[in-house]
Amino acid sequence: MKKSTYLKITIIYFLVFGSYYVQAQYEPSILFYNNSNQLVYVSDEDGNHIPDFSYVGYKNGEEALPNVAVVRQISPVVGDNTAHIQAAIDEVEALPLNANGHRGALLLLPGEYPVNGRLYIDKSGVIIRGSGDGEDPTSNTIITGVGNIPDERTLITIGTNNKSGFGGQVAGTRQNITSPYLPT
């Protein structure tokens, strides 16, 4: 066997089998599993790291969404449905919390629900559930923002601006940004 043929076979063997070995031994330095099989996020020299969204969702994403019982259902009305839907939300909000922390679900039956304003859910334990997941209003719930308000807007606001709700400022936590660079 010629020396060049032997060299070619050795290189092919390394490329096929050696690269697999190298890949199997590679462990990234910015994200890896520790000995407890938990993800570890490592920051770089500037403080940047991959954001951890694994705890987003119902009960930190560790439980499936509950099937909350429907306590009120409505069909769309002709014209603006803002007040119609809001009145139904308010009825569900007036119910007491059950042992699981739910008041109940408001079911929007199939149809088109034009909304000219904004809907508010100010109490916990309220679910708004639609029908279907398509575009045909005969079998699906379709909520559409209409009116003289810009197309891209908030149709449903969940929570309040007080300390026990969502979106409020927590006293003593405001910080002035004094650095030209903010890590992710």
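**Group meeting: a walk through the model**

From the N terminus on, the elements of this protein run α-β-β-β-α-β-β-β-β-β-β. That comes to 2 helices and 9 strands. Helices here are DSSP runs of H or I, at least four residues, and strands are E runs of at least two, numbered from the N terminus.

A word on the source. This is a predicted model, where local features need pLDDT of at least 70, side-chain atom pairs count only at pLDDT 80 or more, and totals for chains, interfaces and linings use all residues. Residues are numbered from 1 along each chain as its sequence is written, and side-chain values use heavy atoms, with hydrogens and water left out.

Burial next. Of the 184 residues, 17% count as buried. Buried means under 20% relative accessible area, exposed means over 50%, and partly exposed lies in between, with a 1.4 Å probe and protein chains only.

Now helix α2, residues 82-93. Its 12 residues should span 16 Å at 1.5 Å a residue, and the end C-alpha atoms are 16 Å apart, which agrees. The expected span is 1.5 Å times one less than the number of residues. Which residues of α2 are buried? They are T82, I85, Q86, A88, I89, V92 and E93. These cover an arc of only 160° around the axis, so they sit on the same side of α2. The arc is taken from the directions from the helix axis to the C-beta atoms. Why the spacing? An α-helix has 3.6 residues a turn, so residues three or four places apart point the same way.

On to strand β5, residues 111-115. G111, Y113 and V115 make its covered face; E112 and P114 make the uncovered one. Strands pair if DSSP finds at least two bridges between them. V115 has G145 of β8 as its bridge partner.

Now the surface. I143, I156 and I158 form a nonpolar patch, with about 230 Å² of accessible area together. Patch residues have over 30% relative accessible area and no salt bridge; nonpolar side chains are joined within 5 Å, like charges within 9 Å. A salt bridge is a side-chain nitrogen of Lys or Arg within 4 Å of a carboxyl oxygen of Asp or Glu. Areas come from the Shrake-Rupley method with a 1.4 Å probe.

I156 is in strand β9, residues 156-158, and is partly exposed at 32%. I158 is also in β9. At 56%, I158 counts as exposed. I158 and I121 are 37 residues apart in sequence, yet 4.8 Å apart in space, C-alpha to C-alpha.

Last, N37. N37 has a positive phi of about 65°, although it is not a glycine. N37 lies in the loop between β1 and β2.
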